[in-house]
Amino acid sequence: MNTKIFSFVLPTKIVFGAGCRRQLASALGELGVGRPLVVTDRGVLKAGILDRILTELPSEMARFAADGIFSGVEPNPKDRDVAAAAEAYRSVGADCLLAVGGGSPIDCAKAAGVLIALNATDIHAVKGRAGNAAVAGPPLICIPTTAGTGSEITFSSVITDTKYHIKMTVKNASTAAKVALCDPELTLSVPPATTAATGMDALTHAIEAFTAKCSEPIADALALYAMELIYPNLERAVRDGADLEARTAMLMGSLLAGMAFSHSDVASVHCIAEALGGMYDLPHGVCNAVILPYMMEYNLDWCVERYARVADAFGLTGYGQDAAQRARQAVDAVRELAVRIGLPAFSELGVRMDDFRALAVNSYRNNSTLSNPRPMQKRDYLNMLCIMQG
């Protein structure tokens with residue numbers, strides 16, 4: 001067991017279970033607030049999910065929330081979205097933030113909270129892992145509608161810099177939600193392709209958290225249980241979106257994986273995915289999902305024991321096999337799962353080979369490069385991109 005000093009902070013109250021969205025009014029009351037700015041996206045509005053949530057509020061709260069909706073969050077939330085959300089909060093006289101959706105609205109709301117607290121307009125000034133982000137913003141309640149990012153429980157936001165076309169991170173425990181209402185019923189309408197991509201995103205979080213160089217025992221435990229839930233239930237949820245048991249397991253797996261990587265780290269899968277998202281505005285979950293099997297293969301010889309435990313968490317093997325065999329099974333299982341649930345090949349993402357060098361540089365500059373189990377230089381990222389392109 002690793003005996004290095006570590007810390008574990010969980011500033012968010014978690015409420016989990018089918019129908020728990022109905023506890024929104026009491027959650028607002030406990031926080032002493034009642035005028036939420038709703039931060040969401042057009043997909044959530046179109047699906048009618050927000051209506052199902054707001055109808056559970058008392059009439060006065062519901063009217064305020066319905067009049068105070070910011071639905072302009074784009075996929076891969078942009079710096080301009082964060083600024084616009086903060087301005088919307090000020091203009092409607094809100095006293096709290098309610099993020100409803102996947103990782104994009106939730107990350108946008110967390111970053112907007114920092115701008116609101118600082119009475120600022122530029123999120124670039126607080127990017128990084130501490131610094132000016134260490135200030136409490138307005139109370140934030142998160143209601144996830146996908147099982148993927150775990151953003152409802154993490155204390156970081158990944159925002160696209162629209163000038164330089166890169167992803168930047170705002171990370172500090174003060175940005176975390178006060179309450180996360182995790183209702184698997186809200187994920188039942190997620191389409192199969194999105195279910196597949198977000199589910200593999202969650203699996204990536206668990207695997208990278210467990211194999212990162214900075215992993216620690218509590219994060220390890222969370223990551224392993226997340227894998228136990230995600231691996232056998234992802235394909236079920238893709239095949240039958242109405243399978244509430246599978247959806248519940250996926251949402252819990254995503255939540256646990258989010259807790260794991262926020263206390264450990266992610267690694268080079270995310271480094272490449274964030275470089276691709278910044279340059280091409282590709283969906284983050286899709287990028288992680290596509291890259292994960294390749295990066296596991298690339299890392300295999302550097303974390304055999306850890307990948308062997310991944311295979312055990314998947315329920316693939318008995319303990320009679322040696323670690324190398326079990327590790328190989330884990331890599332093969334992830335690759336085969338990606339194919340079964342219909343994820344695209346890297347070559348289908350439209351990434352231009354002329355951009356590989358710039359992508360390699362941006363991947364290498366990501367803070368999580370140092371957490372990858374296999375040491376990575378710019379040339380290694382370039383090699384990885386070439387391997388994936390085929």
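Trainee: How many residues does helix 13 have, and what does it reach from its first C-alpha to its last?

Mentor: Helices here are DSSP runs (H or I, at least four residues), numbered from the N terminus. The expected span is 1.5 Å times one less than the number of residues. Helix 13 (residues 323-340) has 18 residues and reaches 26 Å, close to the 26 Å expected. Bear in mind that this is a predicted model, where local features need pLDDT of at least 70, side-chain atom pairs count only at pLDDT 80 or more, and totals for chains, interfaces and linings use all residues. Residues are numbered from 1 along each chain as its sequence is written, and side-chain values use heavy atoms, leaving out hydrogens and water.

Trainee: Which residues of helix 13 are buried?

Mentor: Buried means under 20% relative accessible area (1.4 Å probe, protein chains only). In helix 13 the buried ones include Ala323, Arg326, Ala330, Val334 and Leu337. Seen down the axis of helix 13, the buried residues fall within an arc of 155° (taken from the directions from the axis to the C-beta atoms), so they line one face. They pack against helix 7, helix 8, helix 11 and helix 12, with contact meaning heavy atoms within 4.5 Å.

Trainee: What follows helix 13?

Mentor: Gly342, with a positive phi near 80°.

Trainee: And the sheet: what is the strand order?

Mentor: Strands are DSSP runs too (E, at least two residues), and two of them pair if DSSP finds at least two bridges between them. The open sheet of 6 strands runs 1-8-5-4-2-3, with parallel pairing. Strand 1 (13-16) and strand 3 (69-70) are the edges, each pairing on one side only.

Technical notes:
Buried < 20%, exposed > 50% of the residue type's maximum accessible area, 1.4 Å probe, protein only.
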